[in-house]
Amino acid sequence: MLIHGKWADNWHPVQATDEKGGFVRQTSSFRHWITPDGSAGITGHAGFKAEADRYHLYVALICPWASRTLMARKLKGLESIISLSIVEPWLLEQGWHFGHCLDSTIDHLHGVEWAHQLYTKADPDFTGRATVPILWDKKNQTIVNNESADILRMFNSAFGSLAQSTLDLYPKKHQEYIDELNIKMYDTLNNGVYRAGFATTQESYTEAVCTVFKTLHDLEHLLSDQRDFLCGQDMTEADIRLFVTLIRFDVAYHGLFKCNLYQLKDFTLLNQYIKRMLNYPGVKDTVNINHIKEGYYSIRALNPTGIVPIGPM
Ligand SMILES: N[C@@H](CCC(=O)N[C@@H](CS)C(=O)NCC(=O)O)C(=O)O
């Protein structure tokens, strides 16, 4: 991580732990909003107007949080106006690296080698972890926002007719329910799998795994009334947030994070749901199973040999 703008060597993928040995995720530090007229958004400062060719998105294809934003960029038809760079799948000694691994890119904007260099470009005194996603503003030369939940929402609503798709990922009629689902799914599932994987005590691991599977059972039950997506017939941001976790489940969380009571393929309706999501136009293009596997199994703290399993089939 960075401490006052300098890379600290004792970088560790376990971000922080609470008093019971549970995994604690760092809160995001750049929270400005892009708005149609550049006025201030929900948090942060004004000055980030929605314009074509002004913003650049940095993602890791292994990362579920970054993949939320990649999916939103695709589904909203923002690819031609928001440019993209993709880091390599491995978390190395200095975190995320740009390079020539298949399906990764160089940093198209600045040509830096490491994602942490973007943080010090934005704030030379930055202290914190250099996480993805990063949404960069080419005009103000800074990070607009590094919180995927915010970026997902602003991609949905900020760009108006610049977005080629009119799909509404956060429709008024479903907002309350989406917010409710998001809260439940974040703690128990999206971040729950990380709480299981990075737990440092048996107690916090067991608690996390049980909540993961309780939520999967609840979701299986929710889908039993024939609905296509979580809110019914409309795909929303809640589906994006669920999908990015489900698609990583059998290939990474079941093995590496020891979330192994069942595989996802054991849940009939969730399995059909993933297929439905994958068949939704554009979704498949945002999924890279090789990066996901390579990336998770490169976390040396959890997998010291770095061996990547061949399965599951
Ligand atoms: N709150 C952030 C979390 C992002 C996050 O934790 N990303 C991970 C990758 S999955 C990361 O970049 N980790 C690097 C590190 O912790 O140093 C979001 O949702 O955008």
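Biologist: How far does a backbone N or O atom of Asn146 lie from an oxygen atom of the ligand?

Modeller: This is a predicted model in which local features need pLDDT of at least 70, side-chain atom pairs count only at pLDDT 80 or more, and totals for chains, interfaces and linings use all residues. Residues are numbered from 1 along each chain as its sequence is written, and side-chain values use heavy atoms, with hydrogens and water left out. A polar contact is a pair of N or O atoms within 3.5 Å; within protein, one must be able to donate a hydrogen and the other to accept it, and residues adjacent in sequence count only if both atoms are side-chain atoms. For a backbone N or O atom of Asn146 and an oxygen atom of the ligand, the distance is 3.3 Å.

Biologist: Which residue puts a polar side-chain atom 2.8 Å from an oxygen atom of the ligand?

Modeller: Val132 also lies at the ligand, but there a backbone N or O atom is 3.0 Å from a ligand oxygen. The polar side-chain atom at 2.8 Å belongs to Arg129.

Biologist: How many residues surround the ligand?

Modeller: The closest are Arg25, Trp96, Arg129, Glu147 and Ser148. By class (Ala, Val, Leu, Ile, Met, Phe, Trp, Tyr, Cys and Pro nonpolar; Asp, Glu, Lys and Arg charged; the others, Gly among them, polar), the shell has seven nonpolar, five polar and three charged residues. The number of surrounding residues is 15.

Biologist: Where does the ligand sit?

Modeller: On a 1 Å grid over the protein atoms alone, a pocket is an open set with protein on both sides within 12 Å along at least five of seven lines, a cavity is a set of points where a 1.4 Å probe fits but cannot get out, and lining residues have an atom within 4 Å of a point. A molecule sits in one if more than half of its atoms lie within 2 Å of its grid points. The ligand sits in the largest pocket.

Biologist: Which helix gives the most to the lining of the largest pocket?

Modeller: This pocket is lined by 44 residues, with Arg25, Gln26, Trp65, Glu147 and Tyr186 nearest its centre. Helices H1 (64-75), H3 (148-157) and H4 (175-190) are the elements that give two or more residues; helices (H or I, at least four residues) and strands (E, at least two) are DSSP runs, numbered from the N terminus. With five residues, the one that gives the most is H4.

Biologist: Which peptide bond has omega near 5 degrees?

Modeller: Another cis bond joins Gly311 and Pro312, with omega about 0 degrees. Pro133 is placed in the loop between helix H2 (116-122) and strand E5 (134-137). The cis bond with omega near 5 degrees runs from Val132 to Pro133.

Biologist: Which helix gives the most to the lining of the largest cavity?

Modeller: The lining includes Ser67, Met71, Phe243 and Ile292. H1 and H7 each supply at least two residues. The most, four residues, comes from H7.

Conventions:
Near = heavy atom within 4 Å.
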